[in-house]
Amino acid sequence: MKTITESEAKAMLGQVRWWDVRAPGEYRAEHIEGTENVPLDVINRGGEWPKGEGPIVLSCLSGKLSEAAAGVLEAQGHLDVYSLSGGIEAWKAAGFSTIKGSGTISIERQVRIAAGTLVAAFSILGLTVHSGFFGVPIFVGCGLVFAGVTDTCGMGLILARMPWNR
């Protein structure tokens, strides 16, 4: 997997296929002009992307998701794939503009909200109704540890498929 700086990517804009690999809701909230939304879950399903038709530049918010997508595309046989180093955050830090849309909440924030709500609600239920409810906060905590260790978040994958993120 090759990375590309924001300045190098800016020079290539309009001359290459440029995919933003985030969920559609995150893409609508803010993206780089000229990018196309091809979410990572679509790439993981192995779409029929034309091979050898020039480079593909991938972007996301921080660069981590686009690096994962680049690995998947390379495994599918695409050899000219670049990940925007630092993602849209680095793009904006370099002074380049983005297109801002509706104010959707990022998947990462949705995960924090959902996990916090589950832990708080089921802890209260465990204290007041039945101790069996403590199983949910334990499960959520284990899921968060797993997500941190593996950089794969099951709750995030589920939330990305929700109607408000489509």
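**Entry 1: Lys 92 and Glu 30**

I began with the contact between Lys 92 and Glu 30. Their side chains meet in a salt bridge, 3.2 Å from N to O. This is a predicted model, so I treat every value here as computed. The pair links distant parts of the chain: Lys 92 sits in helix 5 (residues 87-93) and Glu 30 in strand 3 (residues 30-31), 62 residues apart. Lys 92 is partly exposed, with a relative accessible area of 35%. Glu 30 is buried at 12% relative accessibility.

I then asked which other lysine forms a salt bridge with Glu 30. It is Lys 100, with the closest N and O atoms 3.9 Å apart. Lys 100 belongs to strand 7 (residues 99-100) and Glu 30 to strand 3, so this pair ties together parts that are 70 residues apart in sequence. Lys 100 counts as exposed, at 62% relative accessibility. Through shared partners, Glu 30, Lys 92 and Lys 100 join into one network.

**Entry 2: Arg 22 and Asp 20**

The structure holds 5 salt bridges. One of them is between Arg 22 and Asp 20, where the closest N and O atoms are 2.8 Å apart. Is Arg 22 buried or exposed? I find Arg 22 buried, at 6% relative accessibility. Asp 20 is buried as well, at 0%.

An open sheet of 5 strands runs 1-6-5-2-4, with parallel pairing. Strand 1 (2-4) and strand 4 (36-37) stand at the edges. Each has a single partner strand, so one side of each is left without a neighbour in the sheet. Strand 1 pairs with strand 6 in the parallel sense over 3 bridges. There, Lys 2 stands opposite Tyr 82 of strand 6.

Strand 2 (residues 17-20) pairs with strand 5 in the parallel sense over 4 bridges. Arg 17 stands opposite Ile 56 in strand 5. Strand 5 is also joined to strand 6 (residues 81-84) by 3 bridges, and these two run parallel. Leu 58 has Ser 83 of strand 6 as its bridge partner. Between strand 5 and strand 6 the chain passes through helix 4 (residues 64-75), and this β-α-β crossover is right-handed.

**Entry 3: cysteines**

I checked for disulfides. The count is 0. Cys 153 is in no disulfide either, since its nearest cysteine sulfur, that of Cys 142, is 14 Å away. Exposure of the two: Cys 60 is buried at 3% relative accessibility, and Cys 153 is partly exposed at 26%.

**Entry 4: a nonpolar patch**

Last, I looked at the surface. Leu 127, Phe 134 and Ile 138 form a nonpolar patch there. Together they have about 320 Å² of accessible area. Leu 127 lies in helix 6 (residues 107-128). At 69% relative accessibility, Leu 127 counts as exposed.

Key: Residues numbered from 1 in each chain as written. Predicted model: local features only at pLDDT ≥ 70, side-chain atom pairs only at ≥ 80, totals over all residues. Heavy atoms only, no water. Disulfide = S-S within 2.5 Å. Buried < 20%, exposed > 50% of the residue type's maximum accessible area, 1.4 Å probe, protein only. Patch = residues over 30% accessible without salt bridge, like charges linked within 9 Å, V, L, I, M, F, W, Y side chains within 5 Å. Areas by Shrake-Rupley, 256 points an atom, 1.4 Å probe, with all protein chains shown as cover. Salt bridge = Lys/Arg side-chain N within 4 Å of Asp/Glu carboxyl O. Pairing = 2+ DSSP bridges. Right-handed = clockwise from strand over helix to strand, strands pointing away.
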